[in-house]
Amino acid sequence: MMKKIKVAVAGFGDRGYSLVVPLISGEFRSRAEIVAVLDNNSVKLDFARGVLKEFPGVQYFTSLKDFLKCDADLVLVTPPQFAHRDLACAALDAGFHIFLEKPMARNEKECKEIIAAEKRSGKNVFMGFNLRHHPVCVRLMELLPKAGKMQQMVCTDFFAGGYSYFRRWHRFEENSGGLTVEKGCHSIDLLNLFSGSVPLRVAAFGGLDRFTPDPEGSEYCSGCAKTASCPFYMDIANAEEQTLIGTGIPGIIVNGGKKLDLCVMNSGKDTMDNTTVLIEYANGCRAMLGECFTSSVKRTSGRQFTLNGWDGQLWSSLTDRTIRFYPNRPGEKGPEPEVENLPRSTGSHGGADPLMLDYILNCLAKGTPNTRMLTRDGYYAVAVAAAAERAVREKRVVDIEPLDV
């Protein structure tokens with residue numbers, strides 16, 4: 001029987017909760033136990049107590065110093081990324097293995113500080129790019145050799161819920177590093193993975209084009225004169241209910257006790273609502289990421305990857321869970337594509353989270369090395385995303401600083 005892993009949670013918001021739920025149910029319940037929770041927000045800490053009420057041995061902390069004295073093997077670092085560096089470094093220096101939710105941090109400097117702490121401690125950092133475990137992405141990696149040498153890649157991510165970022169903490173670069181870091185890091189990490197190489201330079205174009213001040217609107221949807229005509233109007237009562245249905249968390253807790261219906265137009269913000277990123281890799285491969293938060297088309301929401309190699313093309317959709325392979329046939333029409341339809345999976349993020357947790361618990365219980373969730377990958381995803389943010393602001397191509405490992 002494998003060792004039962006003791007898990008502590010630093011940050012009990014939406015992400016912390018979504019990882020805790022599978023750990024306290026199903027097969028994971030016999031492989032892991034929650035021993036401690038840290039959160040300096042009393043609303044979220046009280047919510048954690050309710051979620052974990054059947055586990056009387058769990059300790060609850062508002063002090064990081066006290067939290068780091070708990071008896072745990074693994075710390076889930078799941079607060080907003082403005083707290084990632086300090087929490088991750090402290091947990092590593094205290095002798096814990098950590099899971100670090102994406103993005104690794106807000107910028108390259110903070111990433112490097114976490115990597116330095118990882119080296120000092122000799123502990124594992126499991127980088128939380130859960131989509132690497134998504135069945136479509138796993139299968140794409142298996143099919144890459146059929147496409148041959150990778151030449152060009154395109155990822156589109158038109159997130160139907162993107163407007164919600166402009167109601168929350170993500171809308172300030174000081175908090176998130178910018179939305180290319182916050183949201184784009186997932187897609188960039190996968191492009192980096194599919195390229196089989198290291199990113200060298202980045203160009204990008206973007207702006208804040210739709211969610212700009214509306215003098216006829218109010219600060220909050222509640223009581224606004226445009227409730228009947230605004231496509232982004234939020235009925236606060238319905239939003240609370242839908243958030244609870246969708247996440248299991250009351251909406252007021254998701255937002256740390258603050259009202260949910262901040263106007264997406266009139267909220268203060270300094271990040272972009274659309275970005276086009278161009279990446280060049282050391283092996284000659286090039287990629288494009290198109291990311292937009294102004295679209296609300298749920299049918300097309302999510303990521304699509306088109307991977308163009310010397311021997312063929314792979315067209316995929318994470319939402320539809322489909323992959324099509326088109327072989328290269330110069331001068332010919334070519335055969336119909338080979339189509340794979342991957343079955344739906346249980347668990348959050350398209351079934352990726354349970355597979356990711358299984359991998360982490362196996363590594364720790366068996367003492368096997370972490371080879372799939374590396375800080376190197378966390379660094380390069382942030383480095384490209386942060387470079388894209390600078391490229392837009394400074395209107396120039398930005399070189400990626402290589403990681404000395």
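Colleague: What percentage of the 405 residues of the protein count as buried?
Modeller: The model is a predicted one, and in it 54% of the 405 residues count as buried. The cut-off for that word is under 20% relative accessible area.

Colleague: Why is His 97 called buried?
Modeller: The relative accessibility of His 97 is 17%. Buried means under 20%, so His 97 counts as buried.

Colleague: Where is His 97 placed, and what does His 97 touch?
Modeller: His 97 lies in strand 5, which covers residues 97–101. Leaving out residues up to four places away in sequence, His 97 touches Asp 73, Leu 74, Val 75, Lys 123, Asn 124 and Leu 364. A contact here requires heavy atoms within 4.5 Å.

Colleague: Why does the radius of gyration agree with a compact globule?
Modeller: For 405 residues, a compact globule would have a value near 22 Å. The protein has 22 Å, so the two agree. Along the principal axes, the C-alpha atoms fill a box of roughly 70 × 60 × 40 Å.

Colleague: What share of the contacts joins residues 24 or more positions apart?
Modeller: Among contacts with a separation of 6 or more, such residues account for 72%. As for secondary structure, the protein has 13 helices and 15 strands.

Key:
Residues are numbered from 1 along each chain as its sequence is written. This is a predicted model: local features need pLDDT of at least 70, side-chain atom pairs count only at pLDDT 80 or more; totals for chains, interfaces and linings use all residues. Side-chain values use heavy atoms; hydrogens and water are left out. Helices (H or I, at least four residues) and strands (E, at least two) are DSSP runs, numbered from the N terminus. The radius of gyration is taken over C-alpha atoms; the globule rule is 2.2 Å times the number of residues to the power 0.38. Buried means under 20% relative accessible area, exposed over 50%, partly exposed in between (1.4 Å probe, protein chains only).
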